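Here is a short briefing for a first look.

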Amino acid sequence: MCKFNRAWIGICKEEPDKDYCEVHAKTKCSVCGGQAEFECYETAQFVCGTPLCSDVRCKLSHYITHHPYADMFIKCIEEEVERQGYSAVEVKKETYRKRIANLKEIKNDAVGKGWDYSMIDDFIKESEVKLRGLEED
Ligand SMILES: [Zn+2]
Ligand SMILES: [Zn+2]
Ligand SMILES: [Zn+2]
């Protein structure tokens, strides 16, 4: 089965020989241009549907510009923390709202000057510490 995960539809039903069907093998991550693995499922008035890969930096980069809500970030960070084998503990939304606003400003400032991933790396590093409950505000 094609591994591509469609927003609100789930795994693509095509049965290719390889990992992705013909259409999805050509679907590129809107941030890094690599193989897209899923569509953004954020829904405001309609489903976003932007193709993304599972690199946490691509996901966060997209969310910062399109859906800068604490819930999206928390979910993304939790997935990443889980992927790295940590268990997520409760997250304070207010803390995230402030951080996301900062990150968004940094990203807006960087437009045209070249946005690099190091800010997101720092953000994740800090967030993991929070999620693991090793640090208090
Ligand atoms: Zn497919
Ligand atoms: Zn990507
Ligand atoms: Zn989106």
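Helices and strands here are DSSP runs: a helix takes at least four residues, a strand at least two, and numbering starts at the N terminus. On that basis, the protein chain runs β-β-α-β-β-α-α-α-α. The model is predicted.

**Overall layout**
- The protein chain holds 5 helices and 4 strands.
- It has 137 residues, and 23% of them count as buried.
- Take the contacts in the protein chain between residues at least 6 apart in sequence: 44% of these join residues at least 24 apart.

**Helix α2**
- Helix α2 covers residues 56–66.
- This helix is mostly covered, with 8 of its 11 residues buried.
- The buried residues are V56, C58, K59, L60, S61, H62, Y63 and I64.
- In general, an α-helix has 3.6 residues a turn, so residues three or four places apart point the same way.

**H62, in helix α2**
- H62 has its place in α2.
- Is H62 buried or exposed? H62 is buried, because 21 other C-beta atoms lie within 10 Å and the cut-off is 20 or more.
- Which residues does H62 contact, leaving aside neighbours within four places in sequence? They are S30, V31, C40, T50 and L52.
- One of these partners is C40. H62 and C40 are 22 residues apart along the chain, and their C-alpha atoms are separated by 8.9 Å.

**L60, in helix α2**
- L60 also lies in helix α2.
- L60 counts as buried because it has 26 C-beta neighbours inside 10 Å.
- F73 is 13 residues from L60 along the chain. The C-alpha atoms of L60 and F73 are separated by 7.0 Å.

**F4, before strand β1**
- Where does F4 lie? F4 sits in the segment before β1, a strand that spans residues 5–6.
- F4 is buried, because 24 other C-beta atoms lie within 10 Å.
- Leaving aside neighbours within four places in sequence, F4 is in contact with C12, Y20, H24, T27, E37 and F38.
- F4 and C21 are 17 residues apart along the chain. Their C-alpha atoms are separated by 8.3 Å.

Note on methods:
Residues numbered from 1 in each chain as written. Chains lettered and ligands numbered in written order. Predicted model: local features only at pLDDT ≥ 70, side-chain atom pairs only at ≥ 80, totals over all residues. Buried ≥ 20, exposed ≤ 12 C-beta atoms within 10 Å, placed from the backbone. Contact = placed C-beta atoms within 7 Å.
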